[in-house]
Amino acid sequence: MDKKYLVLPVVLVVAAAVMAAVQLWPSELKDLRAQNLCLGMLTEQTAGGLDDRKGGELMVDEYEPEGSKGDPVFSTICFVGRKTSESTTYRGQYTLDVQATNLLNAPAQGATRLAGGRSGWVGPRQSEVQLPAACPKEMRTDASYVTVVLKVAPGVVAAQNWNDNALTKASRTIILEAVDNLAKQYDCEA
């Protein structure tokens, strides 16, 4: 048998072995997504930080539209809510999503800009914080910014008696953990 006919099968076997190793090799992205909620952005303890004070089990739904292509982090909206014990009713507490964008939104009314080398703002009803500058490249997007957006449900705002300080503090904790964990997943921490 001619040895030149053995080259292609050997190359294919080696390529398959490399692909299997890459898929099975542990990584921050895989580890955090397996351990945490909302595509690895939040721990369960932090996820329950915004609450309408009506009790119930913490529920997280990672909704990704059918036919989405590319990294699911850009097409998935994370809905965090509470399930009432009497029924299967789900009460939304907040949403969290990640957007690749070239333009930054102006801060919402009552929002506070972040300091300490972070870009973005935190408000009682909505917050937007950008990942570090190296993240868009690591996340394989052509956009200038990657922004995590947190939107608080009206029931939570009312339950906090419209206390903007309490809402902003809880929102800050949630969104900064989301940003930090995403940066770890993509190895683009500041």
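## Sheet, core and salt bridges

Strands β2 and β3 pair with each other in the antiparallel sense, and 7 bridges join them. Within this predicted model, K83 stands opposite Y90 in β3. The pair belongs to an open sheet of 7 strands, whose order is β1-β2-β3-β7-β6-β5-β4 and whose pairing is antiparallel. At the edges of the sheet stand β1 and β4, and because each of them has a single partner strand, one side of each is left without a neighbour in the sheet.

### The nonpolar core

The largest nonpolar core is made up of 36 residues, and those with the most contacts inside it are L42, L50 and V148. At least two residues of this core come from each of β2 (77–83), β3 (90–101), β7 (145–152), α5 (154–159) and α6 (164–185). Of the elements that contribute, α6 gives the most, with 9 residues.

Which residues does V148 touch, if those up to four places away in sequence are not counted? Its contacts are L96, D97, V98, S127, E128, V129, L131, I175, A178, V179 and L182.

### Helix α6 and its ends

Helix α6 has 22 residues, which at 1.5 Å a residue should span 32 Å, and its end C-alpha atoms are 31 Å apart, in agreement with that expectation. The N-terminal end of α6 is capped by N163, a side-chain oxygen of which lies 3.1 Å from the backbone nitrogen of N165. After α6 comes D187, a residue with a positive phi, near 55°.

| Salt bridge | Distance, N to O |
|---|---|
| R82 and D51 | 3.4 Å |
| R91 and D52 | 2.7 Å |
| D180 and R118 | 2.8 Å |

The side chains of R82 and D51 meet in a salt bridge, and this pair links distant parts of the chain, since R82 is in strand β2 while D51 is in the loop between α3 (44–47) and β1 (57–63), 31 residues apart. Are these two residues buried or exposed, given relative accessibilities of 11% for R82 and 19% for D51? Buried means under 20% relative accessible area, so R82, at 11%, counts as buried, and D51, at 19%, counts as buried as well.

The side chains of R91 and D52 also meet in a salt bridge. Because R91 lies in strand β3 and D52 in the loop between α3 and β1, this pair ties together parts that are 39 residues apart in sequence. R91 is buried, with a relative accessible area of 13%, and D52 is buried too, with a relative accessible area of 7%.

Another salt bridge is formed where the side chains of D180 and R118 meet. D180 lies in helix α6, whereas R118 lies in the loop between β4 (112–113) and β5 (120–122), so the two tie together parts that are 62 residues apart in sequence. Here D180 counts as partly exposed, at 31% relative accessibility, and R118 counts as partly exposed, at 31% relative accessibility.

Definitions and conventions. Residues are numbered from 1 along each chain as its sequence is written. This is a predicted model: local features need pLDDT of at least 70, side-chain atom pairs count only at pLDDT 80 or more; totals for chains, interfaces and linings use all residues. Side-chain values use heavy atoms; hydrogens and water are left out. A nonpolar core is a set of buried Ala, Val, Leu, Ile, Met, Phe, Trp, Tyr and Cys residues joined through side-chain atoms within 4.5 Å. Buried means under 20% relative accessible area, exposed over 50%, partly exposed in between (1.4 Å probe, protein chains only). Helices (H or I, at least four residues) and strands (E, at least two) are DSSP runs, numbered from the N terminus. Contact means heavy atoms within 4.5 Å. The expected span of a helix is 1.5 Å times one less than its number of residues. A polar contact is a pair of N or O atoms within 3.5 Å; within protein, one must be able to donate a hydrogen and the other to accept it, and residues adjacent in sequence count only if both atoms are side-chain atoms. A salt bridge is a side-chain nitrogen of Lys or Arg within 4 Å of a carboxyl oxygen of Asp or Glu. Two strands pair if DSSP finds at least two bridges between them.
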